[in-house]
Amino acid sequence: MDRHLDFSFTDLPTRHQTFHVRSLANRPSAFISLTIEDGYLRFDIRHNNDKTVSLKLKEKCNDGQTYSASIVMTYENRYQIYKLGIDGNETNQALAQELLLPSAVFRIRQAVHFVGGVSPTLNTTSINVNKKSFLGFLDTKNQFDNESISTGVTQKAGELQLHKAWFNGNGSLRLSTELEPSRTSQRLNMISFILRPLNANAAILDVENFGTVTLSNRLLQINLNNGEHYLANKTMPLNINDYNIVSLIFKSDMISLTINEEDENIYRSKTDNLFEGDVIKLVVGSTDGFYSLYGGISDITINNENIVFTSKTVTEFSNVEMGREAPFIRQGITLKGLTIPTNINVTNSMQNTQGCATSANYVTHPTAVSFGDQPDSYMKIKTQFWKKDFKLEFEFRTLDPNGLLFMSTGSGSTNQYKFLELKDGLLTFHIKGKRKIPKNWPVTFPMKVADGVWHTLKFVKKGKKLQMWLDGKERKSVRFPKSAVRNEFFLGNVPREYTLNTELKERIYPFRGCINNLKINEETILPGAKTNDVVYSNIRQCFPQIEEGAYFGGDAYAVYREDFRINKILDLSFDFRTAEQNGILLTVSNEGNYPALSVELQNGAVVMTIDLGNGIQSNVTNNLDSDFALCNNLWHNVSAMYSSSELTVNVDGIRKSWVQSEVNSVMDEIDAPLYIGGLPDNAAIGTLKIRENFKGCMKNLKIENNLKPWSAMEKLNSVLLNSCPVAPSTRS
């Protein structure tokens with residue numbers, strides 16, 4: 001007795017169902033199915049006696065080509081023989097046999113058949129195969145009956161063409177296509193796409209022999225292979241978990257950027273042609289040094305020609321769902337009875353449930369040094385370079401809009417100085433001498449630079465003229481006035497005991513960021529090497545790439561306030577990312593461990609616990625229904641509230657609450673330090689169940705609706721301010 005099933009299909013996606021048969025006899029859990037799993041054709045069967053057989057082909061078939069698949073089941077001499085093949089290729093087939101009683105043989109004619117997917121009303125709890133609907137062309141050569149019902153099926157012919165793809169944070173898609181002629185001097189003059197990102201830092205496009213387009217703190221970043229680097233204006237951030245229409249037009253002197261109908265012209269520092277050739281090759285969703293994309297991209301267009309995903313344009317892909325995207329949860333809709341505020345990131349609730357992200361051992365930059373994580377952070381160099389013609393150059397990076405980059409001052413009470421500062425994100429060079437300051441001083445550079453990316457500064461004095469360059473773009477030269485300063489050159493700040501007049505003391509704000517490649521008259525000043533001419537205090541090495549947020553390395557903590565008190569209601573919120581399941585987020589407790597309140601990561605869940613001081617502890621736990629949802633090293637939002645009647649913890653828009661009584665509560669007697677991210681050894685443990693300090697990044701900390709910068713904390717211990725390291729992505 002033979003049973004044959006034959007199909008022809010054309011496919012690009014990786015996991016879905018092509019054919020399913022569910023028994024309607026006495027064993028409703030019996031079934032046969034033909035699916036595609038990670039690109040491989042797979043056959044599964046469960047017989048009426050619960051025996052199961054699985055066959056899987058060795059070669060992938062999700063490349064957009066047309067394949068003919070066949071399943072042959074033969075029952076003879078109490079043996080069921082199974083054969084799965086494709087295109088009649090004997091080298092790519094799978095065989096199996098099973099000893100069965102006749103009563104256990106699966107009866108195809110006594111079953112209901114589903115092709116391309118299953119009905120949403122079908123109970124599939126006992127069917128342990130992939131049930132995602134098929135995406136592609138499917139031709140069944142046998143008609144089962146004349147009473148079929150179709151849903152979401154259309155008649156089409158020709159080549160399979162897809163326009164979108166979904167990335168789960170570890171995938172990449174390689175494309176190759178002929179470049180359409182350009183009407184401008186630039187061979188590649190336009191790139192556009194629609195992006196729905198779920199992470200704020202991500203690779204988007206890596207164009208071979210051209211450059212990359214990435215996301216940095218939701219801002220579009222363009223890194224060209226010729227050394228040009230540009231970041232979109234902070235007023236044009238991309239929307240997370242929403243559709244963003246992006247267009248870049250490349251000209252000889254500028255890049256015209258459009259994001260969601262907002263325009264910006266970025267003037268180029270170079271004017272060379274950016275691309276040569278007739279074939280363009282690009283990688284979507286992955287590039288070295290950036291997180292892989294977590295989200296969807298569609299309608300990629302180059303030189304006004306839409307790149308359709310076909311067997312001709314797609315050269316390779318891994319961990320990408322072609323032609324698909326995740327369900328869209330629009331912010332502001334009601335979810336589980338809770339209205340999600342528009343400022344909450346719901347993007348990371350679709351999480352990996354298999355384990356935490358790999359704990360990153362972040363490397364440091366080999367030559368760059370960081371200033372400002374501790375008080376009295378500076379570098380002092382003995383030098384007389386100001387007195388003659390000079391060349392001064394260095395690189396810097398910061399997210400703080402204010403800070404002193406360098407300074408030299410006159411001796412004693414003389415009010416003469418030279419210093420470069422960041423003020424509201426702009427660089428300004430000040431000079432004051434005995435004579436009246438020329439009319440074009442101080443000198444301010446027009447481009448804002450507090451964006452977390454590296455910038456290059458160069459100053460060259462020849463005679464009475466000073467030339468200046470920022471990121472390779474020269475500013476108009478100015479006359480360099482005389483100013484008698486000491487043979488001391490400070491970077492980042494000046495020492496606490498340093499003598500300054502009142503005017504300068506009020507203007508100085510410590511630089512919080514990194515400096516690299518400092519050269520004075522072509523001589524490199526090596527960081528970290530104390531000599532007779534170089535002295536430094538409270539500096540450290542930098543991470544290669546950063547994003548907004550404070551970094552806690554597992555031994556760090558901050559004191560929000562030494563005498564923190566809790567009134568009838570306490571509201572708090574913050575964002576965090578980590579690859580750990582456990583860690584102290586915040587805690588406050590009187591001596592004796594009560595009354596107390598804490599928020600911690602405990603076995604992968606956010607747990608808020610209170611001890612009212614009356615012998616009663618209450619807590620509420622929120623883990624997004626997974627032990628690993630919050631340790632994927634992506635950003636998550638937490639908002640929590642304590643009141644006399646309720647505890648509430650809201651994680652990524654999902655709320656969990658606990659109703660409790662405040663009988664005999666003495667919570668208003670709390671008068672103790674509020675710790676963030678960890679505890680010193682001698683502090684009261686309060687309601688904490690763990691003593692592990694938090695390891696990861698935190699930002700946007702609000703207590704009682706007060707957004708307090710990390711630099712304003714009453715105490716910091718090993719916390720790296722605005723230095724949240726970005727882990728390099730791993731190519732698949």
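Me: What makes a pair of cysteines a disulfide in this predicted model?

Reply: A disulfide is a pair of cysteine sulfur atoms within 2.5 Å, and in this predicted model a search of the whole structure finds three of them.

Me: Why are Cys356 and Cys631 called a disulfide?

Reply: The S to S distance of Cys356 and Cys631 is 2.0 Å, and because the cut-off is within 2.5 Å, the pair counts as a disulfide.

Me: How do you know which handedness the disulfide of Cys356 and Cys631 has?

Reply: The torsion about the S-S bond of this pair is about -85°, so the disulfide is left-handed. As to its place in the chain, Cys356 lies in the loop between strand S25 (338-339) and strand S26 (369-371), whereas Cys631 lies in the loop between strand S48 (617-622) and strand S49 (636-642), so the pair ties together parts that are 275 residues apart in sequence.

Me: What makes Cys514 and Cys542 a disulfide, and where do the two residues lie?

Reply: The sulfur atoms of Cys514 and Cys542 are 2.0 Å apart, which means that they meet the cut-off of within 2.5 Å. With -120° about the S-S bond, the link of Cys514 and Cys542 is left-handed. Cys514 lies in strand S37 (residues 513-520) and Cys542 in the loop between strand S40 (540-541) and strand S41 (546-547), so this pair ties together parts that are 28 residues apart in sequence.

Me: Why is the link of Cys697 and Cys724 called right-handed?

Reply: The sulfur atoms of Cys697 and Cys724 are 2.2 Å apart and form a disulfide, and the torsion about their S-S bond is about 100°, so the disulfide is right-handed. Cys697 lies in strand S53 (residues 695-703) and Cys724 in strand S56 (residues 724-725), so the pair ties together parts that are 27 residues apart in sequence. Cys697 is buried, with a relative accessible area of 1%, and Cys724 is buried, with a relative accessible area of 0%.

Me: What is the pairing when the bonded cysteines of the protein are numbered in sequence order?

Reply: Numbered in that order, the bonded cysteines pair as 1-4, 2-3, 5-6.

Notes:
Residues are numbered from 1 along each chain as its sequence is written. This is a predicted model: local features need pLDDT of at least 70, side-chain atom pairs count only at pLDDT 80 or more; totals for chains, interfaces and linings use all residues. Side-chain values use heavy atoms; hydrogens and water are left out. Helices (H or I, at least four residues) and strands (E, at least two) are DSSP runs, numbered from the N terminus. Buried means under 20% relative accessible area, exposed over 50%, partly exposed in between (1.4 Å probe, protein chains only).
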